[in-house]
Amino acid sequence: MTTETATDVFEAHRPVLLGVAYRMLGRVADAEDVVQEAWLRWSGSDRGDVREPRGYLVRITTRLAIDRLRQIKSRGETYVGPWLPEPYVTDFGDTVPDTAERAVLADSVSLAVLVVLESLSPLERAVFVLREAFGFPYADIAAMLDRGEAAVRQLAGRARKHVEERRPRYEVDPAQRRDLTERFLAAAADGDLEGLMALLAPDVRLVGDSGGKARAPLRVVRTADKVGRFLVGAARKGDVPDFSVRFLELNGGPAMLVLSGDKPDSVFQLDVADGRVQAVYIVRNPDKLRSLAAG
């Protein structure tokens, strides 16, 4: 395999590698670092015996992501306020034509699921991502992780049960989520408490991630009344100068990017079920919005 061919092969698989690394780490910059390290190892390796580049590259990427995740956990990083994954632009385009497969990929990268994945061990998280999101056979995962297949099946069962018990229920119908998101934005921007209350589930949660670097609640806000009043109060303060909104797809679903001038200020995304907003996620940590600036 020539150097040029090796580059072409790697670039063809880069979206999958980035998808694996991001689901493992929940951070775009860390995922990109891992994929770059995977490239260095791939380009410097003897590729003569590599029969299945995709599996080989996913194995390298997964092991690097596990190492990175263990380093993060061992440092015992403290975070100010609630933590949410870094918003991740998802555009499957024509690469994932099957509707069912698209739904699985979208669900596996949703903010709600990634928050749950944070509580798994690095190995459990790797097995869950490789099996549930990308459909790798247990035998292949076992080889990637240098574990027995029976042990991998146990890890998968444990991870799946953990996620299912804690995964919030929501609908992935893009049209309904987009419609509710637009109505939510209009009511919030107008300070229309009654309009917001009609959209919010009684037990709705608002999770704000600022990392202590921007204004956001330091605890989860619960119930429709408290969430509605918080949003109306925030809109009335008008502390985002030169305010504008752009809709885009983040983490597998419609989201609102709030801009201050041309600079990303915050991201809003909703979980929707039974025609009501079940959760409101707000990311305001500027470190987590850098990857959206170019867009």
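## A buried arginine

R177 is buried (under 20% relative accessible area, with a 1.4 Å probe and protein chains only), yet R177 has no salt bridge, and the nearest side chain of opposite charge, D271, is 4.2 Å away. A salt bridge here takes a side-chain nitrogen of Lys or Arg within 4 Å of a carboxyl oxygen of Asp or Glu. As for charge, Lys and Arg count as positive, Asp and Glu as negative, while His and the chain ends are not counted.

What R177 does have is the backbone oxygen of L270, 2.9 Å from a polar atom of its side chain. R177 sits in helix α9, residues 174-189.

## What you're looking at

This is a predicted model, where local features need pLDDT of at least 70, side-chain atom pairs count only at pLDDT 80 or more, and totals for chains, interfaces and linings use all residues. Residues are numbered from 1 along each chain as its sequence is written, and side-chain values use heavy atoms, leaving out hydrogens and water.

## The sheet

Six strands make an open, mixed sheet, ordered β2-β1-β6-β5-β4-β3. Its edges are β2 (221-222) and β3 (243-250), each pairing on one side only. Strands are DSSP runs of E, at least two residues, and helices are runs of H or I, at least four, numbered from the N terminus; pairing needs at least two DSSP bridges.

Strands β5 (263-273) and β6 (276-283) are antiparallel, with seven bridges, and D271 stands opposite A279 in β6. By contrast, β1 and β6 pair in the parallel sense over six bridges, with G208 opposite I282.

Methods
Buried means under 20% relative accessible area, exposed over 50%, partly exposed in between (1.4 Å probe, protein chains only). A polar contact is a pair of N or O atoms within 3.5 Å; within protein, one must be able to donate a hydrogen and the other to accept it, and residues adjacent in sequence count only if both atoms are side-chain atoms.
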